[in-house]
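Hello,

Here is the structure I promised to pass on to you. Please open it alongside this message, and then read on for what turned up in it.

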Amino acid sequence: MTTYSEGVAEVTDADFAAEVLAAELPVLVKFTAEWCGPCRQLKPVLGAIAKEEAARLRIVEIDVDRNPETTVKYGILGTPTLMVFRSGEPVKSLVGARPKRRLLQELEDVLA
């Protein structure tokens with residue numbers, strides 16, 4: 001697993017089930033791509049949230065170009081897409097970059 005920004009690990013088609021679906025904590029998955037500008041803008045935001053909310057939320061990212069199986073399975077059409085999984089099920093989906101404060105507000109119900 002490669003770590004892009006501190007606290008944010010990379011997952012793949014091969015380990016998605018173990019790392020995300022089987023996780024005890026809710027997991028925020030960032031579906032990303034190397035060529036995606038807004039994805040790069042989100043890196044420091046997600047890195048900061050990963051540190052602050054480590055006890056309540058795990059954050060990972062998956063490259064859509066290198067992991068088509070998971071991308072297709074969850075119907076990802078644009079990057080960045082943020083999808084929160086709890087107990088193996090997607091419970092929230094957000095598309096596009098946003099500032100940290102707004103993202104935390106949108107995640108409040110998942111972190112409660």
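Predicted model: local features only at pLDDT ≥ 70, side-chain atom pairs only at ≥ 80, totals over all residues.

**The whole protein**

You will find 4 helices and 6 strands in the protein. Starting at the N terminus, the elements follow the order β-β-α-β-α-β-α-β-β-α. With a radius of gyration of 12 Å, close to the 13 Å that the globule rule gives for 112 residues, the protein is as compact as a globular protein of that length. Its C-alpha atoms fill a box of roughly 30 × 30 × 25 Å along the principal axes.

Of the 112 residues, 48% count as buried. If we take the contacts with a separation of 6 or more, 68% of them come from residues 24 or more positions apart.

**The cores**

In soluble globular proteins, nonpolar side chains tend to be buried together. Here, the largest nonpolar core has 18 residues. Among those with the most contacts inside this core are Phe-16, Val-29, Tyr-74 and Phe-85. Two or more residues each come from helix H1 (16–21) and strands E3 (27–32), E4 (58–63) and E5 (81–86). Strand E3 gives the most, with 3 residues.

Val-20 is also one of the residues with the most contacts inside the core. Setting aside neighbours within four places in sequence, Val-20 is in contact with Val-11, Val-27, Val-29, Val-60 and Phe-85. Apart from this core lies another, of 17 residues, which includes Val-8, Leu-57, Ile-59 and Val-110.

**A closer look at Ile-62**

Is Ile-62 buried or exposed? Ile-62, which lies in strand E4, has a relative accessible area of 0% and so is buried.

Which residues does Ile-62 touch, not counting those up to four places away in sequence? They are Val-11, Thr-12, Asp-13, Phe-16, Val-29, Lys-30, Phe-31, Thr-32, Asn-67 and Thr-70. One of these, Thr-12, is 50 residues from Ile-62 along the chain, yet their C-alpha atoms are separated by 6.0 Å.

Enjoy exploring it, and write back with any questions.

Best wishes

Conventions. Residues numbered from 1 in each chain as written. Heavy atoms only, no water. Core = buried A, V, L, I, M, F, W, Y, C linked by side-chain atoms within 4.5 Å. Buried < 20%, exposed > 50% of the residue type's maximum accessible area, 1.4 Å probe, protein only. Contact = heavy atoms within 4.5 Å. Rg over C-alpha atoms; globule rule 2.2 N^0.38 Å.
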